[in-house]
Amino acid sequence: MIRFAYAGDRQSAVSCLSIALEAGAHPDALLVSGPDRATHDRILREMTGLPEERVLVGREFREPHAVELLRSLDLDYII
């Protein structure tokens, strides 16, 4: 199975993630919008069940710890 991080925060992201999960693909990390713009982050977090350290919020993905996390996961894709 592929290793991937999933990025999104709208209803379309929820729908696409639902399809991926039904197909047996589960993200290794989640990237969502910051609290000032987030609309569907809560449901995406629930759907993935990922621990907080694997959820990157807003521009956090640019921070050194987040870059290291993403590298350490040996991802095939960020979608």
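Where does D74 lie? D74 sits in the loop between α3 (64-72) and β4 (77-78); helices (H or I, at least four residues) and strands (E, at least two) are DSSP runs numbered from the N terminus. Before going on, note that this is a predicted model, where local features need pLDDT of at least 70, side-chain atom pairs count only at pLDDT 80 or more, and totals for chains, interfaces and linings use all residues. Residues are numbered from 1 along each chain as its sequence is written, and side-chain values use heavy atoms, with hydrogens and water left out.

D74 has a phi near 50°, a positive value in a residue other than glycine. Most residues other than glycine have a negative phi. D74 also counts as exposed, at 57% relative accessibility. Here buried means under 20% relative accessible area, exposed means over 50%, and partly exposed is in between (1.4 Å probe, protein chains only).

Now head to the start of the chain. M1 is found in the segment before β1 (4-7), and M1 is exposed too, with a relative accessible area of 75%. F4, in strand β1, is a buried residue with a relative accessible area of 1%. The C-alpha atoms of F4 and I43 are separated by 19 Å, and these two residues are 39 apart along the chain.

Is F4 buried or exposed, then? At a relative accessible area of 1%, F4 is buried, whereas M1, at 75%, is exposed.
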